[in-house]
Amino acid sequence: MILLAVAVAVGLSAWMTIAWSYQRAVGNGGWTDVFWSFGMGPAGAVAALWPLGGETSPRQWIAGGLILFWSLRLGSHLRRRVSGAPEDARYAGFRKAWGKAFQARMFGFLQSQAVAGALLCIAILVAARNPAPGLAWSDIAAGLILAGGIGGESLADAQLSKFKADPANKGKVCDVGLWGWSRHPNYFFEWTIWLAWPVMALGTSLTAWPWGWLALIGPAFMAWLLIKVSGVPPLEQAMLKSRGQAYADYQARVSPFFPLPPKA
């Protein structure tokens, strides 16, 4: 399994190098998110399905199918959002802050994304290879969690798109629907998706498959990325610059991540 994890990491590194070259050519860093999303599907499927001896189990096929479905949905959504649009606020902020060093630092940033993807694939790898015979309720629960996360993320994306499409909302902060309960509901549901892998990995017994505990890397690492590193912080900084006091007021009354009733 270690060699397979290393191979996945090398493949993702090569893929994100291509992503770096493309964003440099088109002058839009947002395309790197598209590449990462589409790349994670095949990488996760390889982690789930690559033969390590013995027959491929139904659980492996389910895991491979789930990660490919997630990848296709997210990648397609991001591609539609990036195509023909101004550069995402996060990358525009990086471009301004990094100045002439933008492309060099961007390359390093994308390689760190490849490493992050490889760590996330470990969760898929150990979940798919839970040796418990047959399928259990935990496999069904994992599928439902992933589907629910995708559904919630899709709803949040649709609500934001509808808000932005209304000319009357130009310059305003979206606080409708899920966005009135969380400042980043799409990130919250993205994190929820990664809870599926520990459920599948640990199954009905928390001790039968010790390797299964490694699947906790998925939600733990994704939470750290979204809340502390590449998700919430740079986006909130950009929104404060573009929306000013309106966004500060939004921050004061709406939960930053977990959906909660808004403050008065």
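R81 is partly exposed, with a relative accessible area of 38%. In this predicted model, R81 forms a salt bridge with D88, and the closest N and O atoms are 3.8 Å apart. Salt bridges with shared partners join R81 and D88 with D33 and R90 in one network. The structure holds nine salt bridges.

**Salt bridges of R73**

- R73 and E153 meet through their side chains in a salt bridge, at 3.3 Å from N to O.
- This pair links distant parts of the chain, with R73 in helix α3 and E153 in helix α6 (residues 137-165), 80 residues apart.
- Both R73 and E153 are buried.
- R73 also forms a salt bridge with D157, where the closest N and O atoms are 3.3 Å apart.
- Because R73 lies in helix α3 and D157 in helix α6, the pair ties together parts that are 84 residues apart in sequence.
- R73 has a relative accessible area of 16% and is therefore buried, the cut-off for buried being under 20%.
- D157 has a relative accessibility of 7%, so D157 counts as buried too.

- Q60 is placed in helix α3, which covers residues 58-82.
- Its relative accessibility is 8%, so Q60 counts as buried.
- The side chain of Q60 reaches the backbone oxygen of A48 at a distance of 2.7 Å.
- Leaving aside residues up to four places away in sequence, Q60 touches A48, L49, W50, E55, A128 and R129.

**Helix α2**

- Helix α2 runs over residues 31-49 and has 19 residues.
- At 1.5 Å a residue, α2 should span 27 Å; the end C-alpha atoms of α2 are 28 Å apart, which agrees.
- The expected span is 1.5 Å times one less than the number of residues.
- α2 is mostly covered, as 15 of its 19 residues are buried.

**Nonpolar surface patch**

- M1, V46, W50, L52, W211 and L214 make a nonpolar surface patch of about 560 Å².
- One of these patch residues, W50, is also among the residues that Q60 touches.
- M1 is found in the segment before α1 (2-26).
- With a relative accessible area of 33%, M1 is partly exposed.
- Residues of a patch need over 30% relative accessible area, and M1 has 33%.

How values were computed: Residues are numbered from 1 along each chain as its sequence is written. This is a predicted model: local features need pLDDT of at least 70, side-chain atom pairs count only at pLDDT 80 or more; totals for chains, interfaces and linings use all residues. Side-chain values use heavy atoms; hydrogens and water are left out. Patches are made of residues with over 30% relative accessible area and no salt bridge: like charges are joined within 9 Å, nonpolar side chains (Val, Leu, Ile, Met, Phe, Trp, Tyr) within 5 Å. Accessible areas come from the Shrake-Rupley method with a 1.4 Å probe; for residues, only the protein chains shown count as cover. A salt bridge is a side-chain nitrogen of Lys or Arg within 4 Å of a carboxyl oxygen of Asp or Glu. Helices (H or I, at least four residues) and strands (E, at least two) are DSSP runs, numbered from the N terminus. Buried means under 20% relative accessible area, exposed over 50%, partly exposed in between (1.4 Å probe, protein chains only). A polar contact is a pair of N or O atoms within 3.5 Å; within protein, one must be able to donate a hydrogen and the other to accept it, and residues adjacent in sequence count only if both atoms are side-chain atoms. Contact means heavy atoms within 4.5 Å.
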